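Please find below my notes on this structure, written for a colleague who has not looked at it before. They are set out as numbered points.

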Amino acid sequence: MAACLLITGFSFWNPSETGRVAGVSIGICMSFCWYQILSLICTLPDLYAIFYSPGEGPVPFTYSAEAFPLYIRDLGMSFATATTWFWNFVLSITWPSLILAFGPQGAFGWYAAWCCILWVLILLFVRETKGKTLEELDQVFAIPLRTHAAYGLRQIPYGFKKFVLFQNPVAEELYRMESVSELSSGGDEKAMREMREDVKRTNV
């Protein structure tokens, strides 16, 4: 996403109108005409959407729906949605002033920088909730923040080896998930107790 924003912003330095249109098209809206010119795959859509939609786009709604305990999930989800739309409003209302103050290059560069900052914050502080049960989520959020941040930093060399060098490094497991049978037999009484409390609070 940051790369697409930078391509779009830097395109405005091109003195040629055709060059500016080409840069913006590549960064924001790759149209069918540019497919013809660049000989790309037929119907290559918006590059920004390619990174945004399977990446950070749906995360606030999905994550907030999974992360909160049952007894406050509706309240937490409403606050998370309100926060998302509030910052959408802030972005929309400040964009004209940002363009006037910094120009298109600086405005797009500003948001590209925030994409990089948020990548680091997500790597360090956002827990993985995909495919986990309520009992497992209790275990995920019980891990200290410092431990999770250190684990996130160790994922940088792992990702470099796997996706850049195409090696097959051994993935580190931060969470040891226990099955429901293990939990019910006393493997994690704290998680079971919290789950029962959540259910009771929900039913009240």
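**Notes on the model**

1. The axes of helix α5, which covers residues 59–67, and of helix α6 come within 8 Å of each other and cross at roughly 160°. Because an angle over 145 degrees counts as roughly antiparallel, α5 and α6 are described as roughly antiparallel to each other. The crossing in which α5 passes α6 is right-handed. Please keep in mind throughout that this is a predicted model.

2. As for the overall make-up, the protein chain holds ten helices and zero strands, and its pattern, read along the sequence, is accordingly α-α-α-α-α-α-α-α-α-α. Of the 204 residues in the protein chain, 24% are buried.

3. Helix α6 also contains S78, a residue that is partly exposed, with a relative accessible area of 38%.

4. How many aromatic pairs does the count come to? The count comes to four aromatic pairs. In one of them, the rings of W95 and F108 have centres 5.2 Å apart and planes at 70°, so this pair is edge-to-face. W95 is partly exposed, its relative accessible area being 27%, whereas F108, at 14% relative accessibility, counts as buried. Ring pairs join W95 and F108 with Y111 into a cluster.

5. A further edge-to-face pair is that of W110 and W114, whose ring centres lie 6.0 Å apart and whose planes stand at 75°. W110 and W114 are four residues apart in helix α6, which spans residues 73–125, and they are therefore separated by about one helical turn. Both side chains of this pair fall in the middle class of accessibility: W110 is partly exposed, with a relative accessible area of 42%, and W114 is partly exposed as well, at 37% relative accessibility.

6. Turning to the cysteines, the count of disulfides comes to zero. C115 is in no disulfide, and the cysteine sulfur nearest to its own, that of C116, is 6.9 Å away. C116 itself counts as partly exposed, at 44% relative accessibility.

7. A contact between a charge and a ring also deserves a mention. The charged end of K162 sits over the ring of F163, at 5.9 Å from the centre of that ring.

8. Where does E173 lie? E173 is placed in the loop between α8, residues 145–164, and α9, residues 180–184. At 71% relative accessibility, E173 counts as exposed, because over 50% is the range given that name. The C-alpha atoms of E173 and Y151 are 9.2 Å apart, while the two residues are 22 residues apart along the chain.

Conventions:
Residues numbered from 1 in each chain as written. Predicted model: local features only at pLDDT ≥ 70, side-chain atom pairs only at ≥ 80, totals over all residues. Heavy atoms only, no water. Disulfide = S-S within 2.5 Å. Buried < 20%, exposed > 50% of the residue type's maximum accessible area, 1.4 Å probe, protein only. Phe/Tyr/Trp six-rings, centres within 6.5 Å; stacked < 30°, edge-to-face > 60°. Helix = DSSP H or I, 4+ residues; strand = E, 2+ residues; numbered from the N terminus. Lys NZ or Arg CZ within 6 Å of the ring centre and 35° of its normal. Axes fitted to C-alpha atoms, helices over the stretch in contact; angles between N-to-C directions. Parallel < 35°, antiparallel > 145°, perpendicular 65-115°, else oblique. Left-handed = near helix turned anticlockwise from the far one by under 90°.
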